Amino acid sequence: MSEDKRPGWLLRRMFGTKEESWPPKPVPVQPPDPKPEPVTPPLDSPASLSEGQPDFATAADDVAHVPLPPSEPSSVEPDANAVPDEIEGADLQPVEGQEERPPAGTAGDPPERGGEWADTTSQAFAPLTSPPEVASTEPEKRSWWSRLTGGMKRTSSALSERVTGLFTKRKLDADTLEELEDALIQADFGVETATRISEAVGKGRYEKGISPDEVRSILAAEVERALAPVAIPFSIDTAKKPFVVLMIGVNGAGKTTTIGKLSLKLKAEGHSVMLAAGDTFRAAAIEQLKVWGERTGTPVISGAQGADAAGLAFEAFQKAKVTGTDVLLIDTAGRLQNKAGLMAELEKILRVIRKIDASAPHAVLLVLDATVGQNAISQVELFSKAADVTGLVMTKLDGTARGGILVALAAKFGLPVHFIGVGEGVDDLEPFAARDFARAIAGLEAD
């Protein structure tokens, strides 16, 4: 090919470019590296069992393992199980007190030990030899004294505040004694009892100092003296079978609940008990008594709402005699003491029962609500006229700051006080003890 026809001839004429040989000489090609021999893994390798024989000769073609240049961020997440550089190759010492064990799967290692129990396991992750002790979630059963003082807290606190305010750094004079008497009357102790207590506090101490603790001790002693004659336990005459107990009181006094609790106590003493749902005016009362019967395993004689209460009591009495039941507890409708018609119905129940046994009922328990205060006095007066009340049960002493009403009732009527209640629990109805009640109402500790 002529010079003028070779590529780039115009530039060579203008700039005098050094002549190059044409056509260009071929560049020698370097021979490829010899292909490495394939490496065969051992036959017992996991790869040979599950994934086949890998071709290590083609590993160079896989560039996924090649790190990216420093200018580009890596998309590969760091290995969370990798050993940090600062402890790489460190001489790890066994934990003090730990038994040295060979790695899992080695000679001398027990066969039941899994791979998770490597020799690097610390004491914190060691298996427990016995289950940890778990605190019981059941509430601790409180003693009767604890429940009594807790229930009387409102009354005792109100009295203690007045007594402390009256007798702290103050001489005992007529005005102080009069204020003490007012405080006792407000707590429903009654005028007679309040006067007697204030006189006992002032006796031999006029114009002298007296501590609040001394006043509380005198108060407890006088209350115990007033209540001791009426603190009579409830007893069953086994010669009278069934022993018939008529439960009376106004609505809301806790009559039906008291029957359930009393039946449980009598059964614990070994008596067989039957219940009669004589409060036929309230369907809820019938159902409530049936629930108590199921709880205590006690048979309940009941009828439809609105049924004749006297007829139901008669039927229950006959069944108790036939079955040989020891005690028959008859519930009655909660009636106000100022309702002549309702009180007449109560008298009818008595007449019907006495057709079977002239001495029945053998006990008539009047259930009183402590929160009604002085109204309890009129209840005792009128119920005693209608049904010859033989004993009292005072409930809801935990719901009032005027628990002294029991002292006033004892001073006025002298009726036996068999039980007191300070809560809704089965164990919150207990036989009445004058000394415990007196010390609880005065805010003193048990002897």
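Helices (H or I, at least four residues) and strands (E, at least two) are runs assigned by DSSP and numbered from the N terminus. This is a predicted model, where local features need pLDDT of at least 70, side-chain atom pairs count only at pLDDT 80 or more, and totals for chains, interfaces and linings use all residues. Residues are numbered from 1 along each chain as its sequence is written, and side-chain values use heavy atoms, with hydrogens and water left out.

**View 1. The whole chain, for orientation.**
The protein chain has 14 helices and 8 strands. Of its 447 residues, 38% are buried; buried means under 20% relative accessible area, exposed means over 50%, and partly exposed is in between (1.4 Å probe, protein chains only). Among contacts in the chain with a separation of 6 or more, 72% come from residues 24 or more positions apart. Contact here means heavy atoms within 4.5 Å.

**View 2**
The 8 strands make an open sheet with mixed pairing, in the order S3-S2-S4-S1-S5-S6-S7-S8. Two strands pair if DSSP finds at least two bridges between them. At the edges stand S3 (300-301) and S8 (429-431); each has a single partner strand, so one side of each is left without a neighbour in the sheet.

How many residues of S5 are buried? The count is 7 of 7, so to speak a mostly covered strand. Ala363, Leu365, Val367 and Asp369 are buried on one side, and Val364, Leu366 and Leu368 are buried on the other. S5 pairs with S1 in the parallel sense over 4 bridges, and isoleucine 248 stands opposite leucine 366 in S5. S5 also runs parallel to S6, joined by 5 bridges; here leucine 365 has glycine 391 in S6 as its bridge partner.

**View 2. S1 with S4, and S6 with S7.**
Strand S1 (residues 243-248) pairs with S4 in the parallel sense through 4 bridges, with valine 244 partnered by leucine 328 in S4. Strand S6 (residues 391-395) and S7 run parallel and are joined by 3 bridges. Look for methionine 394, whose bridge partner in S7 is isoleucine 420. Strand S7 (residues 417-421) has 5 of its 5 residues buried, so it is largely enclosed by the rest of the structure.

**View 3. Helices H4 and H5 side by side.**
The axes of H4 (residues 153-167) and H5 (residues 174-186) come within 10 Å and cross at roughly 175°. That makes H4 roughly antiparallel to H5. Axes are lines fitted to C-alpha atoms, for helices over the stretch in contact, and angles run from 0 to 180 degrees between N-to-C directions. Angles under 35 degrees count as roughly parallel, over 145 as roughly antiparallel, 65 to 115 as roughly perpendicular and the rest as oblique. From H4, Leu159, Arg162, Val163, Leu166 and Phe167 meet Thr176, Glu179, Leu180, Ala183, Leu184 and Gln186 in H5.

**View 4. Alanine 333 in its loop.**
Alanine 333 is in the loop between strand S4 (327-330) and helix H11 (340-353). Buried or exposed? At 7% relative accessibility, alanine 333 counts as buried. Leaving aside neighbours within four places in sequence, alanine 333 is in contact with Gly249, Lys255, Gly278, Asp279 and Phe281. Threonine 256 is 77 residues from alanine 333 in sequence, yet their C-alpha atoms are 9.6 Å apart.

**View 5. Leucine 227 and the nonpolar core.**
The largest nonpolar core holds 104 residues, and leucine 227 is among those with the most contacts inside it. A nonpolar core is a set of buried Ala, Val, Leu, Ile, Met, Phe, Trp, Tyr and Cys residues joined through side-chain atoms within 4.5 Å. Beyond neighbours within four places in sequence, leucine 227 touches Leu406, Val407, Ala410, Phe432, Ala434 and Phe437.

A cis peptide bond, with omega about 5°, joins lysine 241 and proline 242; proline 242 sits in the loop between helix H7 (212-227) and S1. Another cis peptide bond joins alanine 360 and proline 361, with omega about -10°. Aspartate 388, in the loop between helix H12 (375-387) and S6, has phi near 50°, a positive value in a residue other than glycine. With a relative accessible area of 51%, aspartate 388 is exposed.
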